[in-house]
Amino acid sequence: MKILVTAKRVEDPESKIKVKPDGSDIVKEGLKYKINPFDEIGVEEGLRLAAKHTGEVVVVSIGGKEVQEQLRHALAMGANRAVWVNHTGPLDQLGIAGLLQKVAEKEKPDIVLLGKQSIDDDQNQVGQYLAEFLGWGQATFASKVESLESAEEKNKTPAVVLSADKKSVQVVREVDNGLATLEVQLPAIVTTDLRLNQPRYASLPGIMKAKSKPIEELTPAGLGVDVAPKIQVLKLASPPARKAGIKVPDVATLVEKLHNEAKVV
Amino acid sequence: MSIVLIVAEQQPDGNLRKASLNAIAAGKQLAEKSGGELHLVLLSKDPSKVAGELTGTGAKAIHTAAAPEFEHYLAEVYAPAIAALAQELKATFIGAASTAQGKDLLPRVAARLKSAMATDITAINGSGADITFTRPMWAGNVFAEVKLNTPVQVISIRATEFPAAATGQGAAEVKTFQPKLEASKTKFVSFNEVKSARPELTEASVVVSGGRGTKGDFKEVEALADLLGAAVGASRAVCDAGWVPNDYQVGQTGKVVAPKLYIAAGISGAIQHLAGMKSSKTIVAINKDPEAPIFQVADYGLVDDLFKVLPALREGIQKLK
């Protein structure tokens, strides 16, 4: 089977994001970049499925030359080869899904695994757009019932399970008030939630091997996709600062403040 | 004239999801600002009860479609029906609450209509044809003002930023429609509910949350929550550790809450957690570490062991009652 996974380049989630004084962008100086954590979970799940059912994992990223770093990271984790859509400049979720549609039509994967959202835009859209563009079924927010990757956890049924005839996939999804299970015919779109798995570290031999794995270069023009953004970001602003309150010395004072000052108890 | 179409969400138990009322209030605001009408849509096996409740929300009409296929929500079944209704009504805006369902469904509706979408909007700006939306990015560290340049604009609405619309019998007309149902590649298998006697996290007026400081012992957190009629929340770390259900998680990747009172016990206050509770009215932090970042947003901070503080706090509040 063939699995297509995405690897968006995003700011390190631990970094402090600040807005430029003119609101045009965030301050990029000194920022570190990483593969989107949800995408990394997608790569891991793809590798696990491919190992179980003998298959190939193809990783795709869209962006300037720098996204090759994220592709190499996925290749070092174990992905077989990479597709790089070379595009600089603004891009919205419609454009991203349009490009991924063309890549999926070219690659014909059985499953496309994407992160449920990227931690920069926080849009949570691309997987769903892609499913509709391709006319495929979707299972978003794939998650495991328990979360620790302990020994017993590894023996539990995973959240993404291929049917015996390999024609569909059963997915456990994290939704409000519980877990929903869906069965989706292949080819299908699956987006990953945090608790799907614990991504592996890239080993040193993995990193060495990744250097010789192929990266195919494509362009929006070559794929025939108009990526002019329809979502226009006019201005960025910092959230209203919350002023730090006071530290109280003991519980009695806390109760008194909550009762008489904040009037919440 | 603009038409705003808001999708109402029915829970698996048949009741209206309360966040839909906040989305309806946002829809009303959007209709007023853009100079238009508010319409609602409800797909269900049996929409009659919920549709009746919605007639008093200030909407012009409630469009309901009944079919056995709508019993269990599926994006692939719901999206074409909603998109077709939106086209028939010539809707300019389509919205819903940013629930798990809203986030799963709306991008699929938007894709069908080749429309741009803004997720989790917190404010509606401008008027007439110049409507823009405010939405959080980078875990709530940045707020962006965005304009959607497609004929139809799709939004999911952060419920905590809008008041709930009133319910009850009202003037709205209930209209039925029959969408063409397509064969679905997706099948509903099962739903496992996390049952709780406590209020729903995103709807509670008081939330008591526990973090790593609880070491997995949530008894004191739960006891205080029960005294206050509060919901129980948790940081990502404790959900990841399997100490409490994932459903409890407050944060960028969990739930966003904005209660009257948020009590954080043993939570350090990582960026991703703050993104989910920073809009709470009053924040109380209880933590042994005086340098914990949670103290930078807390109105009242107490540097001490939560296992000492929580029982004393419970006793103190009990005395007031």
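A polar contact is a pair of N or O atoms within 3.5 Å; within protein, one atom must be able to donate a hydrogen and the other to accept it, and residues adjacent in sequence count only if both atoms are side-chain atoms.

**Entry 1: ground rules**

I note that this is a predicted model, in which local features need pLDDT of at least 70 and side-chain atom pairs count only at pLDDT 80 or more, while totals for chains, interfaces and linings use all residues. Residues are numbered from 1 along each chain as its sequence is written, chains are lettered from A and ligands numbered from 1 in the order in which they are written, and side-chain values use heavy atoms, with hydrogens and water left out.

**Entry 2: the domains of chain B**

I found domain 1 at 2–176 and domain 2 at 206–320 of chain B; such bounds come from an automatic or database domain assignment. The C-alpha centres of these two domains of chain B are 32 Å apart. I counted contacts (heavy atoms within 4.5 Å): 7 residues of domain 1 of chain B touch 8 residues of domain 2 of chain B.

The two domains of chain B bury about 570 Å² between them, with 52% of it on carbon and sulfur atoms. Buried area is the accessible area (1.4 Å probe) that two parts lose on being put together, summed over both. Which three residues supply 68% of the area that domain 1 of chain B buries against domain 2 of chain B? They are Ala139(B), Arg158(B) and Thr160(B).

I also looked for salt bridges (a side-chain nitrogen of Lys or Arg within 4 Å of a carboxyl oxygen of Asp or Glu), and the rule finds 0 across the interface of domain 1 and domain 2 of chain B.

**Entry 3: chain A against chain B**

I then turned to the two chains, where 79 residues of chain A are in contact with 86 residues of chain B. The area buried between chain A and chain B is about 6900 Å², and carbon and sulfur atoms give 54% of it.

How many salt bridges does the rule find across the interface of chain A and chain B? There are 5. In one of them the side chains of Asp104(B) and Arg173(A) meet at 3.6 Å, N to O. Between chain A and chain B I recorded 50 residue pairs in polar contact (both at pLDDT 80 or more).

Several elements of chain A give two or more residues to the side that touches chain B, among them helix H4 (126–134), strand S9 (168–175), strand S10 (178–185) and helix H8 (251–261). Helices (H or I, at least four residues) and strands (E, at least two) are DSSP runs, numbered from the N terminus. S10(A) gives the largest share of that side, 8 residues.

**Entry 4: strands that pair across the chains**

Two strands pair if DSSP finds at least two bridges between them. I saw that S13(A) and strand S8 (residues 142–148) of chain B run antiparallel and are joined by 6 bridges. Within S8(B), Glu145(B) is the bridge partner of Lys235(A).

I next traced an open sheet of 6 strands with parallel pairing, in the order S14(A)-S16(B)-S15(B)-S14(B)-S12(B)-S13(B). S14 of chain A and strand S13 (231–234) of chain B stand at the edges, each with a single partner strand, so one side of each is left without a neighbour in the sheet. S14(A) pairs with strand S16 (residues 300–303) of chain B over 2 bridges, in the parallel sense; there, Tyr300(B) is the bridge partner of Ile246(A).

**Entry 5: Asp299(B)**

I located Asp299(B) in the loop between strand S15 (282–287) and S16 of chain B. Leaving aside neighbours within four places in sequence, Asp299(B) is in contact with residues including Arg242(A), Gly245(A), Ile246(A) and Ile283(B). A polar atom of the side chain of Asp299(B) lies 2.7 Å from the backbone nitrogen of Ile283(B).

**Entry 6: backbone details**

I noted a cis peptide bond between Leu186(A) and Pro187(A), with omega about -5°. Pro187(A) lies in the loop between S10 and strand S11 (188–192) of chain A. Asp120(B), found in strand S5 (residues 116–121) of chain B, has phi near 65°, a positive value in a residue other than glycine.
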